[in-house]
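Biologist: I am new to this structure. Could you show it to me and then take my questions in turn?

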Amino acid sequence: AYGYVVVKVIFRGVMKRIVFKLLSYIYRMVIAIRHWLFDINVLKSQKFNIPIICVGNITVGGTGKTPTAEMIIDTMKPTYNVALLSRGYGRRTKGYREVTLDSSYRDVGDEPLQIKLKFPDVLVVVCEKRVEAIRRIEAEHPEINLIVMDDGFQHRHVDPRINVVVLDYTRPVFEDDFLPVGNLRDNLNSLYRAHYFIVTKCPEDMQPLDQRMWRKDLQLVAYQKIYFTRVVPTAAVPLFQTPNHLREGDEVIVMSGIGNPKPFIKSVRKHYNVVANLVYPDHHVYTVEDIENLFGAKVAQIVDGLTKISGGIFGDRASAQAENFKKLLLTMNDDIRVILIKIADRLHNMRTLDSMSESKKLIISSETQYLYIPIAHRLGLYSIKTELEELVLKYTNPQAYNRIKAAILSDFEK
């Protein structure tokens, strides 16, 4: 019986590999036909007057496209009015959407939101139809004179001025296979369209011979340039203010949610004693169950309460109706810390409201006046209540606010 089970398991494994290999051949054929249709102009590539820098790769996840796009934005924005265009992987919405500082990652994707938070003055747009998005950017934002297109190397409907292809040193494309057997999602011969190659995660002791081998395989055209990069680890930075700091050799738990976590974990092991790895897939949507497994039931209860409030009473369609106020009061029965965290978060939002549009300022201020200020008063948080009232007046009636402020300053000077 044991021998029968072993043979059955081996047979299933062999059949799985055969099926996967067959699917990879079909995938390769579809990709080749698609490129051929573009090459003979059956499918059209659109050129635009506005310069477009495309950042992409030919494998799935984990090469470093987004950090590369951020580097390009950071380098070019002192000289150009830069916009970033992304498909918005993993979002639950469709069509053209401009990312704002208070957007949800569910609506715009986690990476576009990350870029917007890092570069608040940069226009960030998500749209699966890149041609349509570029036309709208040109029409609605004539000040934009450079577009960085994230993950667009395969999207040949757009003919960019520059193609930057990012490759992972730890996963050589020349030794890889097509999906679903390997990680390749495009043909190797499509690399002729690249202008620049960035090889990421190179070892510190990378030898010149190794670099020459990469150049030999990658440089299909004379004008192509190759850059080799490596990750330089820094000391661990605490998320919150604390007098404690990690020292070399301390025990740590490594948590990651990226495409290829192995180089990251390897670099951490060089400096710390890794006692456990918590590895999640790229773009993972963390659940309350994940929080409970990591931090326990009590913390999970608080997070669950915050999630329900953010998605319900204080979501995008929040209102100042009495029923909503009643729901807020009922949540206090579970854990008062949920409300305290929400009030602290709202106070921070009100203090930084200048970066938002006028319509958002009015919505958030109105919400604060009808929901947060009464709760702060009920809890005895009088200084927070007073500051929130002052900020609400500042944004809902700026003339009265400035008049009162000037009168106070005048009396103070006297």
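**A first look at the chain**

Modeller: Of the contacts in the chain with a separation of 6 or more, 70% are between residues 24 or more positions apart, a contact being heavy atoms within 4.5 Å. This is a predicted model, in which local features need pLDDT of at least 70 and side-chain atom pairs count only at pLDDT 80 or more, while totals for chains, interfaces and linings use all residues. Residues are numbered from 1 along each chain as its sequence is written, and side-chain values use heavy atoms, with hydrogens and water left out.

Biologist: How many helices and strands does the chain have?

Modeller: The chain has 14 helices and ten strands. These are DSSP runs numbered from the N terminus, with helices being H or I of at least four residues and strands E of at least two.

Biologist: What percentage of the residues is buried?

Modeller: Buried residues make up 36% of the 414 in the chain. Buried means under 20% relative accessible area, exposed over 50%, and partly exposed in between, with a 1.4 Å probe and protein chains only.

Biologist: How many aromatic pairs are there?

Modeller: The structure holds five aromatic pairs. Rings of Phe, Tyr and Trp (its six-membered ring) pair if their centres lie within 6.5 Å; planes under 30 degrees apart count as stacked, over 60 as edge-to-face and the rest as tilted. The ring centres of Y169 and W214 are 5.9 Å apart and their planes are at 25°, so this pair is stacked.

Biologist: Where do Y169 and W214 sit?

Modeller: Y169 is in the loop between β6 (162-168) and β7 (196-200), and W214 is in helix α6 (residues 208-218), so the pair links distant parts of the chain, 45 residues apart. Ring pairs also join Y169, F174 and W214 into a cluster.

Biologist: Is W214 buried or exposed?

Modeller: W214 is buried, its relative accessible area being 7%.

Biologist: Changing topic, at what angle do α13 and α14 cross?

Modeller: The axes of α13 (residues 382-396) and α14 (residues 398-413) cross at roughly 120° and come within 5 Å. That makes α13 oblique to α14; angles under 35 degrees count as roughly parallel, over 145 as roughly antiparallel, 65 to 115 as roughly perpendicular and the rest as oblique.

Biologist: Which residues make that contact?

Modeller: E390, L393, K394, Y395 and T396 of α13 meet P398, A400, Y401 and I404 of α14.

Notes: Axes are lines fitted to C-alpha atoms, for helices over the stretch in contact, and angles run from 0 to 180 degrees between N-to-C directions.
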